[in-house]
Amino acid sequence: MTLDQLRPVANRALDPFVTVSERLGLTPDAVSVVAMGLAVAAGGAFALGGETPLFYLVGAVLVFLNGWLDLLDGALARRLGTASRAGDLLDHVLDRYADIVMLVGLTAGVGRWAVGLAAVTGVLMTSYLGTQAQAVGLDRVYGGLVGRADRLALIGLAGTFAAFVTGTLAGFTVVGWLLVFFAVVGHVTALQRFYYALRALH
């Protein structure tokens, strides 16, 4: 089970924020762009976290805000009746760039570039297989071990923890182990989604 399955609950909690956004005249695309800006700031904070651990906490807060806005843009689009394929495309493109910049920031902070590369490719393949199923006529796939909501939650929690725990285990810090986790589980999740989609097509 992943946090993506709790979207209906999150959407209900978003109602007051959607109302405020509507009254302020915000558009879903504007919310998506702000969310991307927060992701970039989070990546920068994580890159500095290797030298100054308190920046990991700053990055964690920014990641949680990014995740919240990522839900808000879709809910706002539905409220305003402006949901479109163009908006969906923009949202997905910005989400992927956000994933990349946050993981690269985490990698830069610990200097584990090989593990970071594996983590980035695992995350991107997970997202790709989720939307590729839709491209071949299936519903978008959110299943598997770890979805985007799970990743954001894990990054936020690990960032919070890393701000106060700077030791290593088997040569890896908290952030290093997070990257290892994403490297392994990301590819496993991608293969799970591929299997689900392939089975549905037969």
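How are helix 4 and helix 5 oriented to each other, roughly parallel or roughly antiparallel? I worked from a predicted model, in which local features need pLDDT of at least 70, side-chain atom pairs count only at pLDDT 80 or more, and totals for chains, interfaces and linings use all residues. Residues are numbered from 1 along each chain as its sequence is written, and side-chain values use heavy atoms, without hydrogens and water.

Entry 1, helices 4 and 5. I found that the axes (lines fitted to C-alpha atoms over the stretch in contact, with angles from 0 to 180 degrees between N-to-C directions) come within 9 Å and cross at roughly 165°. Helix 4 and helix 5 are therefore roughly antiparallel, a term for angles over 145 degrees. I noted contacts (heavy atoms within 4.5 Å) that involve, among others, Asp99 and Leu103 of helix 4 and Val120 and Leu124 of helix 5.

I looked up helix 3 (residues 54–80) and helix 6 (residues 148–162), which pack at about 160° with axes 7 Å apart. Helix 3 and helix 6 are therefore also roughly antiparallel to each other. Among the residues making the contact are Tyr56 and Phe64 of helix 3 and Leu152 and Ile155 of helix 6.

I recorded 39 residues in the largest nonpolar core, where Leu103, Leu106 and Ile155 have the most contacts. Such a core is a set of buried Ala, Val, Leu, Ile, Met, Phe, Trp, Tyr and Cys residues joined through side-chain atoms within 4.5 Å; buried means under 20% relative accessible area (1.4 Å probe, protein chains only). Helix 3 gives the most to this core, 8 residues. Beyond its neighbours within four places in sequence, Leu106 touches Phe46, Tyr56, Ile155, Val175, Leu178 and Leu179.

Key. Helices (H or I, at least four residues) and strands (E, at least two) are DSSP runs, numbered from the N terminus. Angles under 35 degrees count as roughly parallel, over 145 as roughly antiparallel, 65 to 115 as roughly perpendicular and the rest as oblique. Buried means under 20% relative accessible area, exposed over 50%, partly exposed in between (1.4 Å probe, protein chains only).
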